[in-house]
Amino acid sequence: MCASVSPYHQQEKLTFMTAIAPEHVENPLMERRYEEQIEPVNRLVDETRALRPATSVSYVDPVHNVEEVRIISLFSNIGAANESGFIDAGSQEASTRMLGMQWQLGLRPEFLLPWNVHPWHTPGEANGKFTPPQITSGLKPLLRLLKVVPRASVLIAHGTEAHRLSEQLVKTQNPLLWRRGFKTYKVKSLDGRAFAGSPERQQAHLEEIYAAYSDAMARTGLNTLK
């Protein structure tokens with residue numbers, strides 16, 4: 001599945017790549033973090049960081065758009081924060097898998113928004129395994145995020161910790177969820193043990209992830225390329 005060619009011309013391809021905030025665009029992205037299309041989310045990031053002043057919270061790339069977002073990608077523990085200062089899927093391999101999925105399905109970044117289960121990082125340190133209280137602490141920031149992306153009606157939870165937070169989200173029975181007909185999907189993490197098995201097993205995990213995003217796109221009125 002991952003071998004097909006991107007349907008977008010080179011300029012659009014480079015725009016897509018900023019969704020994983022590579023280091024060479026670090027400074028321009030940081031200067032653009034309060035652009036109109038992403039400002040509400042990144043102001044929320046600042047407020048979330050202020051709750052724990054000794055930590056950092058990664059920004060969301062301005063390639064995303066709060067008015068267009070339909071799907072939230074919720075990542076479990078990604079280890080150390082990306083040096084760019086922006087959320088990514090984790091390792092380079094994980095980011096590549098995420099980017100490949102977007103290309104294959106034609107899921108443009110303005111329709112997607114990444115978020116971390118536990119948004120706080122200790123500068124210079126990788127997060128360890130999240131405790132149940134650490135997972136639960138991510139619930140309020142997640143609910144606040146959903147309030148600033150009015151068209152988001154799907155959350156795709158990557159990995160066990162994201163699965164647990166998504167379950168807690170549903171249990172809140174927040175009116176926002178039923179008003180939007182909100183749906184959650186549980187899929188494998190894009191990294192780690194999920195992709196440490198045989199090639200056949202890895203392919204099965206990828207197909208599961210692709211199927212979830214494809215279904216989410218159909219559910220939210222977005223056309224896939226396949």
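I began with the second largest cavity, at about 30 Å³. (Cavity: on a 1 Å grid over the protein atoms alone, a set of points where a 1.4 Å probe fits but cannot get out; lining residues have an atom within 4 Å of a point. Points are joined across faces, edges and corners, and volume is the space filled by probe spheres set on them.) The model is predicted, so I note that local features need pLDDT of at least 70 and side-chain atom pairs 80 or more, while totals for chains, interfaces and linings use all residues. Numbering starts from 1 along each chain as its sequence is written, and side-chain values use heavy atoms, without hydrogens or water.

Among the residues lining that second largest cavity are Phe75, Ile78, His118, His121 and Phe130.

Next I checked the largest pocket, which has a volume of about 660 Å³. (Pocket: an open set with protein on both sides within 12 Å along at least five of seven lines.) Of its 24 lining residues, Gly159, Thr160, Ser189, Asp191 and Arg193 are the closest to the centre. Helix 7 (160-171) gives the largest share of this lining, four residues. (Helices: DSSP runs of H or I, at least four residues, numbered from the N terminus.)

Last, I looked at helix 3 (residues 39-50) and helix 6 (residues 139-148): their axes come within 10 Å and cross at roughly 160°. (Axes: lines fitted to C-alpha atoms over the stretch in contact, with angles from 0 to 180 degrees between N-to-C directions; contact is heavy atoms within 4.5 Å.) The two helices are therefore roughly antiparallel (over 145 degrees).

Key. Parallel < 35°, antiparallel > 145°, perpendicular 65-115°, else oblique.
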